[in-house]
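This briefing sets out selected structural features of a single protein model, grouped by topic. Please read it alongside the sequence and the coordinates shown below.

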Amino acid sequence: MTRLAPTRHLTGGTDMPVIGAGTWPLDDREVERMALTAFEIGFRLIDTAENYRNEAGVGNAVRASGLPREDLFVTTKFNREWHGNALKGVDGNLQRLGLDYIDLLLIHWPNPDQDLYVTAWEGLIQARDRGLVKAIGTSNFTPVHLQRVIDATGVAPEVNQIQCNPYADRGEERAFHDAHGIVTESWAPLAGKGLVDDPVVVDTASTVDATPSQVVLAWHLQQGLVPIPKSGNPDRLRENFAALDVTLPPEDIARLTSLANPDYRLSDPDSFGH
């Protein structure tokens, strides 16, 4: 029997696996092959987006897997052009995926330059009420953005997906999330480059009999973060999933957290987005 990742309960009532498989920048054919392998390994959370241009491949994998639809947790996101008409954006996601519903739908970026993310959030609430999506959230929102949508609607996102790793530990954002019942989902959980070769990570891996990547993913998992590492390599997918078996002592969590660099960022939510 295939081992599955544990889940955590979202405020809207659904359960989300604690680790997932990212899909950018794979194309439809690559992502279908990767997702089927990931499902065989035990992954049930798959993360895609309109902007990745591989939603069709993810949908193909869901249907080809033979797994009950309710056993899979499909996350996707829509772009800025739908902020004024979120329901139309959701319809596009559903059509590309070829699915009847989406497990978690995120606003990909706040795009404050067009100042429509509150309207987009109101649309996602409607989509959830209509059963088009099971859970709703945001991506790359800062506490300022989050507070605004909460104040405007009285509804907090169930998930906020942000860049997070030991180099960018996002302590302030995570504290805000925790205070409002928002799950922190980590994109780029292994960082762009350099982190798995960092001497602190390598040394920690040697002491806990794990790979550097597994150590970093364990740092996320043990702090209640949901990492979505991306890889099209079957061996790397298995390595990532096996991070569930790694336990870091508190002092190692602290050592990894001490690597945080306030200047380390891959993106800026106030100046970039789709």
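Leaving aside neighbours within four places in sequence, which residues is Ile46 in contact with? In this predicted model, the contacts of Ile46 beyond that range are Ala21, Thr23, Met34, Ala35, Phe39, Val58, Phe73, Val74 and Thr75.

**Nonpolar cores**

- The largest nonpolar core contains 70 residues, and Ile46 is one of those that touch the most other members, together with Met34, Phe43, Phe78, Val90, Leu124 and Leu248.
- Helix 4 (residues 117-129) supplies the largest share of this core, with seven residues.
- Another core, of 13 residues, lies apart from the largest one and includes Phe73, Leu104, Val183 and Ala188.
- Phe73, a member of that other core, is also among the residues in contact with Ile46.

**Lys77, a buried charged residue**

- Lys77 is placed in strand 5, which spans residues 73-78.
- Its relative accessible area is 0%, so Lys77 counts as buried, the limit being under 20%.
- The side chain of Lys77 makes a polar contact of 3.4 Å with the side chain of Tyr52.
- Not counting residues up to four places away in sequence, Lys77 touches Asp47, Thr48, Ala49, Glu50, Tyr52 and Glu55, as well as Asn93, Leu105, Leu106, His108, Ser139 and Gln161.

- Helix 8 (residues 212-221) is largely enclosed by the rest of the structure, because nine of its ten residues are buried.
- The buried residues of helix 8 are Ser213, Gln214, Val215, Val216, Leu217, Ala218, Trp219, His220 and Leu221.
- The elements covering these buried residues include helix 6 (171-179), strand 9 (183-187), helix 7 (199-208), strand 10 (226-227), helix 9 (234-241) and helix 10 (250-257).
- Within helix 6 is Ala179, which is exposed at a relative accessible area of 62%.
- Ala179 and Tyr101 are 78 residues apart along the chain, and a distance of 29 Å separates their C-alpha atoms.

**The second largest pocket**

- The volume of the second largest pocket is about 260 Å³.
- Its lining consists of 16 residues, and those nearest the centre are Asp15, Pro17, Glu70, Asp71 and Phe73.
- By class, the lining of the second largest pocket comprises seven nonpolar, three polar and six charged residues.

**Backbone features**

- Most residues other than glycine have a negative phi, and most peptide bonds are trans.
- Pro25 belongs to the loop between strand 3 (20-22) and helix 1 (28-41).
- Asn140 is not a glycine, yet its phi is positive, at about 65 degrees.
- The loop between strand 7 (133-139) and helix 5 (143-153) holds Asn140, and this residue counts as buried at 4% relative accessibility.
- Arg170, which is likewise not a glycine, has a positive phi of about 55 degrees.
- Arg170 is located in the loop between strand 8 (159-163) and helix 6, and at 8% relative accessibility Arg170 counts as buried.

Definitions and conventions. Residues numbered from 1 in each chain as written. Predicted model: local features only at pLDDT ≥ 70, side-chain atom pairs only at ≥ 80, totals over all residues. Heavy atoms only, no water. Helix = DSSP H or I, 4+ residues; strand = E, 2+ residues; numbered from the N terminus. Buried < 20%, exposed > 50% of the residue type's maximum accessible area, 1.4 Å probe, protein only. Polar contact = N/O pair within 3.5 Å; in protein donor to acceptor, adjacent residues only side chain to side chain. Contact = heavy atoms within 4.5 Å. Core = buried A, V, L, I, M, F, W, Y, C linked by side-chain atoms within 4.5 Å. 1 Å grid on protein atoms, 1.4 Å probe; cavity = no way out; pocket = protein on both sides within 12 Å on 5 of 7 lines; lining within 4 Å. Points joined across faces, edges and corners; volume = space filled by probe spheres on them. Nonpolar A, V, L, I, M, F, W, Y, C, P; charged D, E, K, R; others polar.
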